[in-house]
Amino acid sequence: MTRHETLDPGKARIAGGVASDQKHDSAHKHVSGEAVYIDDMPEPAGTLHACLGLSEVAHGTITSMDLSKVRAAPGVVAVLTADDIPGENDISPTGLHDEPIFTNERVQFFGQPIFAVIAETREAARRACRLAKIDYSEEPALIDIADAGADARLVTAPLKLERGDSAAAIATAPHSIKGQMRVGGQDHFYLEGQIAFAMPGEDGDVTVFSSTQHPSEVQHMVAHALGVSSHAVTIEVRRMGGGFGGKETQANLFAVVSAIAAKKLNRPVKLRPDRDDDMTATGKRHDFLIDYEVGFDDEGAILGVDFTYAARCGYAADLSGPVTDRALFHCDNTYFYPAARAVSRPLYTNTVSNTAFRGFGGPQGMVGAERIIDEVAFALGKDPLEIRKKNLYGTDDRNVTPYHQTVEDNVAERVIAELEESSDYAARRREIAAFNAKSPVIKRGLALTPVKFGISFTATHFNQAGALVHVYTDGSVHLNHGGTEMGQGLYTKVAQVVAEEFQIDIDQVKITATTTGKVPNTSATAASSGSDLNGMAAQDAARQIKNRLIDFASEAHDVPKDQIVFLPGRVRIGNQEIPFAELIREAYMARIQLSAAGFYKTPKIHWDRDKGEGRPFYYFAYGAACAEVSIDTLTGEYMVERVDILHETGRSLNRAIDIGQIEGGFIQGMGWLTTEELVWDGKGRLRTHAPSTYKIPLASDRPKVFNVALADWAENAEPTVHRSKAVGEPPFMLAMCVLHALSDAVASVADHKVCPRLDAPATPERVLMAVERVRAEGAR
């Protein structure tokens, strides 16, 4: 094991090491417009542009297709259909072969790709697409999962979690309640849309610049579609303008089409859909119908639960299996159920296949858990926070999840207690009650909700990463790894880890674009595991080089290894100190290898899906948030007055970046639960396919007072990179406090005697309808 000195605050430190508030490496480029995204890259001479031709029915059979006018349109070079695919006509990420690149017969959703136009300009390609004449034999379409019957078709095998006898526990409980909740989906609405730029090479080679979170999967899809080996395909991405899960599998289509066209025509081809086509043809967060039943005692202790999570998955499996699995994994949130049963229903619908989205089913699972907390609280006339605290997981007992994993790192009680005090919850609860008693129209609401989110890919084999580190003879360092940068600061954090190992300033570490040509067989940058996996892999590579340097210095200077210490910018060898760069030059002259490939795999995790048992998560991340809102009971409009957040990130690698992730995740989660509503009409057409109709939060929608703090005492119980914790997804679920604060405000119109059962998204219309319903029920 190598080491470096732990420096006192008064001593010199490297610039940009671990636990420093280092700015995002591209922040200045983002705000100045200098950051180069794929569409900003100079186009080589001869570049062509592609546009997808999409179906105009939700379900049916193509009876005839006339593309003659498309081919004859000005500027058109080629038209691709399923017949032009040299390899496999499939981009299914799960190997079920249910997701064709182009359909040539069956149409299963409105907006399904049928052909692609390749033209001299993007405008020419788009105009030509509209000239296609396609006739369909239309069939009835299943759009809404509420219309699916008990024997409805599933896109993948369901999951069942069971511990104890929940039916008996509910039947013998002093109280029981059953109900149903609808939770809406969400569009990723990344600022940079989907895009791919393919460059043909010699023989069968092709390089694709793809806006993807999963370069290795795109590599495999392109190779399969072209009928070549993976070594002929290189995928590269320097940065994405947002991803949020929407570029984990959805980038496959655009990369594959551009690559097929580039190889067929031997010219560079770019495919960038407009926002409407992007939103119509790509998957979204799954919306759910959650059926629940809960049994509880007079004090509010939950005795048994039974959940059914039915999800709109679309026409193909995509990632719906693991998404609905993770929903079940989080149906407990921070709460212990003595007896529990939870089943998933991943339902087939004639809509675009839904996909990964920040939280990956976890948010929908937690929303179901929080609904039953509300149900118990209203049934007993208690504050929901009291019920939450009463049912928290324990530490030494009451600590086994419905999937039989023991919770070993529980800090939920401490996080809630500290936030309850710092947010002045009790006093504000009294103040709001007094305000509502005197205010006939404007009502205020308050809620504090916790989060416990499992960290790891539930597909165990994805929990691995590689990294490549070179040290050059001038002491500068080249870093490459399998993680992708989508604005979350991963590149910066991993560079900090390497700088810390070598004790050099971060500006000595060159961050380079992710490419399958340097680090192979990478996992998606997803599941909040980017820093955990790639940080550890990079640390491993740096330590390999560091160990070689220590061995060399020990032999060359005749000094014991334990007397060689890496200090900021220099190395102490016995009683002398030499600059880091000087040691590197000496090592090079002595023919010491100054390059290493690092690797990491997450320990301890295992999962048996057939049994519904195992340890799918390496650890849990915890947080809590308290929201205060005001609603207009005449219109349903509302404002978020104040939000207080306490989140634990272990020993934070970079507090500034972590706080940014918490703030951004919270606002995105708030949008999902309030204003972002996806609407399909009876014909299966997505009607909310542009910012004019799909409403993400604006800057003016942020809480008027927004207090975010990190738990300064937190430390990961597991030996992650510098004992840090993941921060990408867990903050998203903190926004549940806004939904429950709105529910609290609605409940005030009937003196909190009626559970509002407010579904998500809680649009002003839904809030107004809930007000009217609660008021009517309260008057009975």
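Biologist: Hi! Which residue of E13 is the bridge partner of Ser176?
Modeller: The bridge partner of Ser176 in E13 is Gly295. The labels come from DSSP runs numbered from the N terminus: helices are H or I runs of at least four residues, and strands are E runs of at least two.

Biologist: What should I know about the model before we go on?
Modeller: It is a predicted model, where local features need pLDDT of at least 70 and side-chain atom pairs count only at pLDDT 80 or more, while totals for chains, interfaces and linings use all residues. Residues are numbered from 1 along each chain as its sequence is written, and side-chain values use heavy atoms, leaving out hydrogens and water.

Biologist: Got it. How many bridges join E8 to E13?
Modeller: There are 9 bridges between strand E8 (residues 175-183) and E13, and the two run antiparallel. Two strands count as paired if DSSP finds at least two bridges between them.

Biologist: And how does E13 pair with E14, parallel or antiparallel?
Modeller: Antiparallel, over 9 bridges, with E14 covering residues 302-314. Within that pairing, Ile290 has Tyr309 of E14 as its bridge partner. E13 and E14 make a hairpin with 5 residues between them, and Gly300 in the turn has a positive phi of about 95 degrees.

Biologist: What is the strand order of the sheet with E13 in it?
Modeller: The order is E7-E15-E14-E13-E8, in an open sheet of 5 strands with mixed pairing. E7 (160-163) and E8 are at the edges with a single partner strand each, so one side of each has no neighbour in the sheet. On average, neighbouring strands here are turned by 10 degrees against each other, direction ignored.

Biologist: Where does the parallel part come in?
Modeller: That is E14 with strand E15 (residues 340-348), which pair in the parallel sense over 9 bridges. Tyr309 stands opposite Ser344 in E15.

Biologist: How many residues of E13 are buried?
Modeller: 7 of its 9 residues (288-296) are buried, so E13 is largely enclosed by the rest of the structure. Buried means under 20% relative accessible area, exposed means over 50%, and partly exposed is in between, using a 1.4 Å probe and protein chains only.

Biologist: What about Thr308, buried or exposed?
Modeller: Thr308, a residue of strand E14, has 18% relative accessibility and so counts as buried. Leaving aside residues up to four places away in sequence, Thr308 touches Leu289, Ile290, Asp291, Val343 and Arg345. A contact means heavy atoms within 4.5 Å.

Biologist: New topic: at what angle do H16 and H17 pack?
Modeller: Helix H16 (residues 655-673) and helix H17 (residues 736-747) pack at about 45 degrees, with axes 8 Å apart. That makes H16 oblique to H17. Axes are lines fitted to C-alpha atoms, for helices over the stretch in contact, and angles run from 0 to 180 degrees between N-to-C directions. Under 35 degrees is roughly parallel, over 145 roughly antiparallel, 65 to 115 roughly perpendicular, and the rest oblique.

Biologist: Which residues make that contact?
Modeller: H16 brings Phe666, Met670 and Leu673, and H17 brings Met736, Cys737, Val738 and Leu739.

Biologist: How many of them are nonpolar?
Modeller: There are 7 nonpolar residues, with no polar and no charged ones. Ala, Val, Leu, Ile, Met, Phe, Trp, Tyr, Cys and Pro count as nonpolar, Asp, Glu, Lys and Arg as charged, and the others, including Gly, as polar.

Biologist: Which residues does the cis peptide bond join?
Modeller: Ala760 and Pro761, with omega about 0 degrees. Pro761 is in the loop between H17 and helix H18 (764-778).

Biologist: What is the phi of Asn521?
Modeller: Phi of Asn521 is positive, about 55 degrees, although this residue is not a glycine. Asn521 is in the loop between E20 and helix H14 (530-557), and counts as exposed at 57% relative accessibility.

Biologist: What about Arg398, where is that one?
Modeller: Arg398 is in the loop between helix H10 (384-390) and helix H11 (412-422). Its phi is near 50 degrees, again a positive value in a residue other than glycine. Arg398 counts as partly exposed, at 33% relative accessibility.

Biologist: Last one: what does the side chain of Ser32 reach?
Modeller: It reaches the backbone oxygen of His28 at 2.7 Å. Ser32 is in helix H1 (residues 27-32) and is partly exposed, with a relative accessible area of 41%.

Key:
Polar contact = N/O pair within 3.5 Å; in protein donor to acceptor, adjacent residues only side chain to side chain.
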